[in-house]
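Student: I have a structure open and would like to go through it. Can we take it piece by piece?

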Amino acid sequence: MQRSVRLKSFELVARDINDVDVDLLHALSISVRWPHRPKDWNLLRRAGHGIVAVDGIGRVFGSAMWFPHGDDFATIGLVITTPRAQAQGGGRWLMEQVLEQCGDRNLALNATHPAYPLYISLGFTSEAIVYMRQGEAPQKLPPMPALDGELSELPSDRLREITELDARAFGTNRAGLLALLAEDASIATLSRGGEVVGYSMCREFGRGHVIGPIVARSDQDAVHLTAVHLKKLAGRFARVDSRERDGVFAEFLQQSGLGIAETVTTMSKGRRFLNRESNKPWVYGLASHAWS
């Protein structure tokens with residue numbers, strides 16, 4: 001694969017994302033109004049692999065990352081290009097670099113509206129819409145359905161209690177990612193009859209806090225696994241990324257002041273990514289757009 005590309009007026013070279021100053025990555029995300037802080041970038045770099053497009057004097061014009069989950073699946077994220085590079089094909093070149101690194105893995109990503117045509121042209125298929133809901137967590141939560149089970153806090157050294165549940169919901173094991181997230185997250189679990197049937201994480205991200213992943217078997221369970229964190233965030237900025245457009249869970253988020261700020265499209269290449277089954281664990285809240 002070509003490690004450099006000559007655009008109309010300048011040449012870009014691919015560098016490993018770990019070899020680029022995090023402040024330059026932060027400036028790149030700011031340029032497209034993404035909320036990632038330097039701390040968020042550093043976590044992403046620990047979780048995956050990536051490349052950065054730089055010119056001859058070290059200016060950053062784009063990035064792209066991929067996150068392996070086992071040997072046969074990966075998610076792609078943080079595909080960012082400056083308007084100048086995007087207009088001259090820089091985004092396609094970055095994606096071609098990442099696709100080569102991913103090999104024959106099945107892939108999933110969340111496409112912004114401007115990038116959607118590029119992913120279609122690269123063979124990705126649309127599966128669902130993700131609704132980015134955000135706002136100030138309320139001082140008083142709206143009415144909730146009856147709680148069926150017991151909520152409790154899970155210490156980070158007991159992650160094995162949720163990794164299998166998460167794998168059934170997500171479609172593959174991502175224990176390594178959960179361990180990274182748990183370093184700086186609070187974790188809630190919902191149990192019935194001594195069995196953990198759902199969990200949620202909450203951590204600092206961007207402008208405030210993101211609640212996710214949220215894994216549950218029903219809207220009602222997802223409501224309680226989200227509410228336990230919203231109560232602690234009263235008056236502070238909160239975000240939940242969810243594929244739920246309607247229903248009890250979506251209505252709860254809306255009534256809690258988390259309105260839809262933006263949408264992206266979940267897409268896959270290879271095997272289908274999303275396979276929802278009734279009364280089975282489901283990812284109600286994403287860990288992030290990068291990790292789906």
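Student: Where is Pro-213 found?

Tutor: Pro-213 is in strand S11, which covers residues 208-216. Keep in mind that this is a predicted model.

Student: What kind of peptide bond joins Gly-212 and Pro-213?

Tutor: The bond between Gly-212 and Pro-213 is cis, with omega at about 5°.

Student: Okay, helices now. How do you describe two packed ones?

Tutor: You give the angle between their axes and the distance between the axes.

Student: At what angle do the axes of H1 and H2 cross?

Tutor: At roughly 110°, and the axes come within 9 Å. H1 is residues 22-31. Angles of 65 to 115 degrees count as roughly perpendicular, so H1 and H2 are roughly perpendicular to each other.

Student: Which residues meet there, H1 against H2?

Tutor: From H1, Val-22, Asp-23, Leu-25, His-26 and Ser-29; from H2, Pro-38, Trp-41, Asn-42 and Arg-45. By class, the contact of H1 with H2 has four nonpolar, three polar and two charged residues.

Student: What about the loop between H1 and H2, is Arg-33 buried or exposed?

Tutor: Arg-33 lies in that loop and is exposed, with a relative accessible area of 79%. Its phi is near 65°, a positive value in a residue other than glycine.

Student: Which other residue has a positive phi although it is not a glycine?

Tutor: Ser-292, with phi of about 55°. Ser-292 sits in the segment after strand S14. With a relative accessibility of 0%, Ser-292 counts as buried.

Student: Back to H2. At what angle does H2 cross H7?

Tutor: H2 (residues 38-47) and H7 (residues 175-182) cross at roughly 155°, and their axes come within 10 Å. Angles over 145 degrees count as roughly antiparallel, so H2 is roughly antiparallel to H7. The crossing of H2 and H7 is right-handed.

Student: What makes the contact between H2 and H7?

Tutor: Leu-43, Arg-46 and Ala-47 of H2, with Leu-177, Leu-180 and Leu-181 of H7. Five residues of the contact of H2 with H7 are nonpolar, none is polar and one is charged.

Student: New topic. How many residues are in the largest nonpolar core?

Tutor: The largest nonpolar core has 63 residues, and Met-201 and Trp-291 have the most contacts inside it. Another core of 25 residues lies apart from it, with Ile-51, Ala-64, Leu-99 and Leu-107 among them.

Student: Last one. Is Thr-266 buried or exposed?

Tutor: Thr-266, in strand S13, is buried, with a relative accessible area of 0%. Leaving out residues up to four places away in sequence, Thr-266 touches several residues, among them Leu-109, Thr-125, Glu-127, Arg-243 and Phe-273.

Note on methods
Residues numbered from 1 in each chain as written. Predicted model: local features only at pLDDT ≥ 70, side-chain atom pairs only at ≥ 80, totals over all residues. Heavy atoms only, no water. Axes fitted to C-alpha atoms, helices over the stretch in contact; angles between N-to-C directions. Helix = DSSP H or I, 4+ residues; strand = E, 2+ residues; numbered from the N terminus. Parallel < 35°, antiparallel > 145°, perpendicular 65-115°, else oblique. Left-handed = near helix turned anticlockwise from the far one by under 90°. Contact = heavy atoms within 4.5 Å. Nonpolar A, V, L, I, M, F, W, Y, C, P; charged D, E, K, R; others polar. Core = buried A, V, L, I, M, F, W, Y, C linked by side-chain atoms within 4.5 Å. Buried < 20%, exposed > 50% of the residue type's maximum accessible area, 1.4 Å probe, protein only.
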